[in-house]
Amino acid sequence: MDYIADLHIHSRYAAACSDKLTIENIENTAEEKGINIIGTGDFTHPKWMNELKSSLKEGSPGIYHASKGRVSFVLSSEVCTIYNPDGKGAKKVHTCMIAPSIADAENINQCLSKHGDLGIDGRPVLMMSAEELANEVKDACHEAILFPAHIWTPWFGALGAMSGFNSMEEAYGSAAKHISGYETGLSSDPPMNWRVSKLDNYSMLSNSDAHSLPKLAREATVFDLKEQSYKELADSIACNKNIRMTVEFYPEEGKYHFDGHRNCKVSLSPEQSKRYNGICPVCRRKLTIGVMHRVDELADRKEGYVPENSPSYVHAVPLIEIISQVTGKGQGTAIVTGAYSKMINKFGNEMNALINAKPEDLAAADREVGEAIKRVREERIRVIPGYDGVFGIVELFKDAEPQKANGQRTINEF
Ligand SMILES: [Zn+2]
Ligand SMILES: [Zn+2]
């Protein structure tokens with residue numbers, strides 16, 4: 001049976017995260033979005049862990065439920081390891097983990113607390129290498145699952161431009177064997193990752209990395225599991241099996257798709273930035289090298305290559321964003337939230353509306369929103385690529401055309 005999972009989110013104890021991220025709200029929103037299995041996020045944080053312990057009850061092994069019991073929780077967290085062995089520049093890597101029980105998560109926490117203060121941030125900073133992290137987590141709990149978060153992002157992705165690691169083996173050393181999968185992140189999608197053959201053996205995962213409730217499930221992974229249990233889920237990730245599809249952002253919408261400089265308003269495709277030798281034409285400093293460029297550097301296959309037996313994927317645009325564009329009103333306005341609720345009531349949840357609902361039913365519910373969803377499904381939209389921390393811009397009613405530099409200054413203007 002299919003279960004839609006979002007295994008990387010944050011709690012209100014993580015930096016820059018909404019204080020509405022409570023267990024009750026996460027459960028309600030996950031249900032509204034159509035998520036069946038959600039990560040708790042931030043199990044490393046002592047206060048959040050206390051809340052998890054008092055609010056969640058274990059159902060089948062490793063699967064927890066909050067008060068309503070309609071959504072399954074698994075223990076999850078993301079940590080940032082910082083390692084600077086030779087003083088030549090710190091290597092920072094974000095790694096996600098999931099654990100089979102609250103007791104196991106507490107064992108992991110005890111061990112990680114030697115490397116940093118877990119109470120400062122829901123995504124704690126640990127002074128250790130990614131290799132030490134993976135080895136110590138596996139020592140504390142053999143059944144834990146580890147995977148690099150948003151693997152290609154420039155500053156904290158294991159294979160990002162700033163990390164300088166070119167493979168899982170370089171990033172995690174002897175502990176690469178403990179890494180089961182990787183997260184595509186918002187700025188890359190399966191076709192981009194399929195170009196890199198050394199990732200073939202790892203499970204490709206998509207999660208929201210949500211910092212607020214509306215962002216939950218903006219990316220997700222659909223597992224086909226015999227039963228809902230931690231073991232089934234963990235085995236599927238560890239053995240790269242039972243993953244049916246992923247739900248993906250249009251990668252151009254992610255905020256590190258292109259190269260560029262946010263402050264200089266410079267956005268460049270990889271080709272363009274190569275012509276500038278990676279130097280910003282405005283401030284003459286090094287450009288932030290984005291995900292498309294970095295994938296291209298490590299790719300050993302042509303664009304369009306599809307590995308055998310790979311899971312499928314769909315590109316989606318969050319429903320609230322679609323409605324906001326259709327109505328021309330802000331995402332928080334009553335018109336937009338009212339129309340959103342209407343669609344959720346009609347189709348049960350957001351995933352159903354975006355992915356499964358029949359076009360005629362969508363049109364009957366709301367002609368313009370239905371048309372926009374259809375265009376998203378058929379990839380008939382235009383997305384101006386994001387760069388250096390600036391999200392891409394989705395234009396639902398403009399037909400797709402070859403990528404050009406983000407609405408800011410283009411190469412011809414320098
Ligand atoms: Zn992260
Ligand atoms: Zn610049």
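Analyst: A word on terms before we start: on a 1 Å grid over the protein atoms alone, a cavity is a set of points where a 1.4 Å probe fits but cannot get out, and lining residues have an atom within 4 Å of a point. Grid points are joined across faces, edges and corners, and a volume is the space filled by probe spheres set on the points. This is a predicted model, in which local features need pLDDT of at least 70 and side-chain atom pairs count only at pLDDT 80 or more, while totals for chains, interfaces and linings use all residues. Residues are numbered from 1 along each chain, ligands from 1 in the order in which they are written, and hydrogens and water are left out.

User: What volume does the largest cavity have?

Analyst: The largest cavity has about 90 Å³, and its lining includes Lys 33, Arg 218 and Glu 350.

User: Switching topic, what coordinates the zinc ion (ligand 2)?

Analyst: Its donors (N, O and S atoms within 2.8 Å of the metal, or 3.2 Å for Na, K and Ca) are His 261 (ND1), Cys 264 (SG), Cys 280 (SG) and Cys 283 (SG), at 2.0 to 2.4 Å.

User: And which spacing do they follow along the chain?

Analyst: The donors of the zinc ion (ligand 2) follow H-x2-C-x15-C-x2-C.

User: Is Cys 280 buried or exposed?

Analyst: Cys 280 is buried, at 0% relative accessible area, whereas Cys 283 is partly exposed at 25%; buried means under 20%, exposed over 50% and partly exposed in between, with a 1.4 Å probe and protein chains only.

User: What about the zinc ion (ligand 1)?

Analyst: That zinc ion is coordinated by Glu 78 (OE), His 94 (ND1) and His 150 (NE2), at 1.9 to 2.3 Å, and both His 94 and His 150 are buried.

Note on methods: 1 Å grid on protein atoms, 1.4 Å probe; cavity = no way out; pocket = protein on both sides within 12 Å on 5 of 7 lines; lining within 4 Å.
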